[in-house]
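These exercises go through a structure one step at a time. Try each task before reading its solution.

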Number of protein chains: 2
Amino acid sequence: MPTQNSALAPSYTKCSQCGLMKLCLPSGLDPQDMIQLENIIELSTPYNDNQSVFHANQTFECIYTVKSGMFKTLVIDVNGNEHILGFHLPGELFGLDAIYPKKYISSAISLGTSSVCAIHYTDLETLSSKLPSLQRQLFCLMSKEVHTFQSLTVEHAADQKLAGFILALSVRYKQRGYSQTRINLMMPRRDIANHLNMAAETVSRLFKRFQQEGLIYIQRSDLQITNMEALKQLAGCASYC
Amino acid sequence: MPTQNSALAPSYTKCSQCGLMKLCLPSGLDPQDMIQLENIIELSTPYNDNQSVFHANQTFECIYTVKSGMFKTLVIDVNGNEHILGFHLPGELFGLDAIYPKKYISSAISLGTSSVCAIHYTDLETLSSKLPSLQRQLFCLMSKEVHTFQSLTVEHAADQKLAGFILALSVRYKQRGYSQTRINLMMPRRDIANHLNMAAETVSRLFKRFQQEGLIYIQRSDLQITNMEALKQLAGCASYC
DNA sequence: CGAACAATTGAACCGATTCAAGATGCGTGG
DNA sequence: CCACGCATCTTGAATCGGTTCAATTGTTCG
């Protein structure tokens, strides 16, 4: 049984970048192509808590895959208010939104000690025009990304949003081989609230209610899902399906 | 001076599909490549009001570009509630979100008499692996699409959202050669409200307020922007930038 | 231990929704 | 051409979910 995701995932520390990329690219590439892909990937030194991978307005160069830990991407509006666009788990990509404007739109910040692989976009573009399977993967990935944000634009009640958020984390961790019922949130309540467009107080009250109703057990950032079905029922279809 | 967009845009009725594609693909393709692209595009017969181009769950085959009129894409949640994901103006693409799941996620419905061009996705994929410039364009387009939805996830007050919506339409029509100050809304208040996650009554009240404040003049679906700067000020940065 | 920060809890408040009614515009047929 | 009927839009008043503000508790770390 997988353990809580606070430590590096065993599957990551043991596996090659090839394995990492397989996790990033949903339906896989053939091994020959994978080797070529590995050649354009750069490992970077780990980040401590709250460090930036890139900032909004910097020239776009690389897209990133999370190797361990977690990152958040956020934008700052004209009034100086932050808005967290999303959280990125091991095996997930970020930086794709910078392709069109040729500069980063968002800033990427580490949550706790975390590390990434960097992929130069020009290299990726060149390679994917040589490898149709890679091209297909990338189109799929970007379509999925569109999807994720589409789901977020559908308004729900606060409890549905939070339930959906928890379930989405559960599904994503499961896909990467972590526990789907025990999750280390890593981000503070304030960040969850910000991402879901609600007050931190509301998140706090809802976590309490969910626990009273037996849906979850939560202690600080250690979250256990105790009634998956009820949680799904509550979320309706919010964000994760 | 461009006229209101209620009739077909002159630039469209006169121009070839090549011209249409140029509008869809931001930074253009060289003429040679464009000819190859034209070969995989199919014109379809026009739709009357409220007809469906595709429905959610149908097998994904084509992506579409709007030739004239307007289309909306919408999803229906588990409770049977509609949510309008977006409105698609002439020269814009829709159906990209179906690539990853290989079936349409949303349904596309015409608003008034409208027409499209269909592009078989498998052909497009094949062609774009031969034409690096086309591949680049498509990555850009999808990145832009991610962008659009990212912006929508940032919560604003109702008046900011509506102001942002109006401005976004203005910008998009301008890009396609229509008037940026006089817009035919085409969709009912209910649809605007639904898309922006608010009640139709709120839209009505806000249009009235905007008119009283001299930002717009609106008569049924005929909208004129009378104070662009103030509208931008109000919207802050919502959705259009 | 004590400072600084994060999370919780309670109470007043507010923006937007809901519900209900009325106004307006539009197509149809007499 | 006007009268009718339907759908859309507008307007007002009551209500509610979630925010804001303020105070308290809990946690982490030098």
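**Exercise 1.** State which helix gives the largest share of the surface near DNA strand C.

*Solution.* Helix 8 of chain A gives the largest share, six residues. Here a residue is near the strand if its C-beta atom, placed from the backbone, lies within 6 Å of it. Helices are DSSP runs of H or I with at least four residues, numbered from the N terminus. This is a predicted model, in which local features need pLDDT of at least 70 and side-chain atom pairs count only at pLDDT 80 or more, while totals for chains, interfaces and linings use all residues. Residues are numbered from 1 along each chain as its sequence is written, and chains are lettered from A and ligands numbered from 1 in the order in which they are written.

**Exercise 2.** Name the residues that come nearest to DNA strand C.

*Solution.* Two or more residues each come from helix 7 (189–195) and helix 8 (200–212) of chain A and from helix 8 (200–212) of chain B.

**Exercise 3.** Describe how helix 6 and helix 8 of chain B pack.

*Solution.* Helix 6 covers residues 158–175. The angle is about 75 degrees and the axes are 10 Å apart; axes are lines fitted to C-alpha atoms over the stretch in contact, and angles run from 0 to 180 degrees between N-to-C directions. The two helices are therefore roughly perpendicular, a term for 65 to 115 degrees. B:Ala158, B:Asp159 and B:Leu162 of helix 6 meet B:Thr202, B:Val203 and B:Leu206 of helix 8, contact being C-beta atoms, placed from the backbone, within 7 Å.

Conventions:
Parallel < 35°, antiparallel > 145°, perpendicular 65-115°, else oblique. Contact = placed C-beta atoms within 7 Å.
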